[in-house]
Amino acid sequence: MHVSLVIGHAGKPDRPSDRGAAYTHPSGVRLSEVSLVRRYADSIDVALLAAGHRCVTYEDGTYDERARRAKISGASCLLALHANAGLAGRSGQRGELFYWPGSAKGQALAEALSEALGRVVPYTVRVIPAEVGPYLSASRVAAVRSTIDGAVSPSVCVEPFFLDGEGADELVSDDYLTAIGKALAAGVIAWRG
Ligand SMILES: [Zn+2]
């Protein structure tokens, strides 16, 4: 199997300084979405390779360009990799997986990823269609859709944790990010069957 990974925010031609979500940890460490995503993306890559699969990572260009390149490459699926912020201690940690509304394949992939992630994280990883509803505003829907629009079918926007959610201390650890990457690889493999 050939899997496309998109590193969220990195290498945007129109916004080269975009590092995605950010949070200053109480220890003083500044967490940025791009650097955490790169670390768990590397773990996905290693785990897929070890299982005999191929992984291509897209780190530059507009999201549209990356979607087109991935589609042409003949990948089995695409994961748009992100991490979120915005809980600011108001509620517990959580994860979110977004698929294109109406895509049964996207939903199935997201559910396999959720199940695999659920084995390594102590919180709920929800599977959510990228459409306006009680859970998603129109602006958030547009942002989520831009990460998977026109890409390989199926594609999932992956937000496995919040930088400022409960347990964020652990998110800076290599062990945690490696476990998340391995779980995502296992989820893709389980989906493929
Ligand atoms: Zn993001």
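These notebook entries record what I looked up in the structure, which is a predicted model.

**Entry 1. The sheet**

I began with the strand order. Which strands form the open sheet, and in what order? I found 6 strands in the order β4-β1-β5-β8-β6-β7, with mixed pairing. The edges are β4 (54–58) and β7 (125–129), each of which pairs on one side only. From one strand to the next the twist averages 20 degrees. I noted as background that strands of a sheet pair through backbone hydrogen bonds, either parallel or antiparallel.

I then looked at one pair in detail. Strand β6 (residues 95–99) and β7 run parallel and are joined by 5 bridges. Within this pair, I located Gly95 opposite Val125 in β7.

**Entry 2. Helix α2**

I turned to α2 (residues 63–73) and listed its buried residues: Tyr63, Arg66, Ala67 and Ala70. They lie on the same side of α2, because the arc they cover around the axis is only 100 degrees. The spacing recalls a general rule: an α-helix has 3.6 residues a turn, so residues three or four places apart point the same way.

What covers these buried residues? I found that the cover includes β1, β4, β5 and α4. On the face turned away from the buried side, I noted the exposed residues Asp64 and Ile72. Just after α2, Gly74 takes a positive phi of about 80 degrees.

**Entry 3. Backbone exceptions**

Most residues other than glycine have a negative phi, and most peptide bonds are trans.

His9 is an exception in phi: its value is positive, about 75 degrees, although His9 is not a glycine. I placed His9 in the loop between β1 (2–7) and β2 (22–24). Is His9 buried or exposed? His9 counts as buried, because it has 22 C-beta neighbours inside 10 Å and the cut-off for a buried residue is 20 or more.

The peptide bond between Ser153 and Pro154 is cis, with omega about 5 degrees. I located Pro154 in the loop between α4 (138–148) and β8 (155–159).

Technical notes: Residues are numbered from 1 along each chain as its sequence is written. This is a predicted model: local features need pLDDT of at least 70, side-chain atom pairs count only at pLDDT 80 or more; totals for chains, interfaces and linings use all residues. Helices (H or I, at least four residues) and strands (E, at least two) are DSSP runs, numbered from the N terminus. A residue is buried if 20 or more other C-beta atoms lie within 10 Å of its own, exposed if 12 or fewer, and partly exposed in between; C-beta atoms are placed from the backbone. Two strands pair if DSSP finds at least two bridges between them. Axes are lines fitted to C-alpha atoms, for helices over the stretch in contact, and angles run from 0 to 180 degrees between N-to-C directions. The arc is that of the directions from the helix axis to the C-beta atoms. Two residues are in contact if their C-beta atoms, placed from the backbone, lie within 7 Å.
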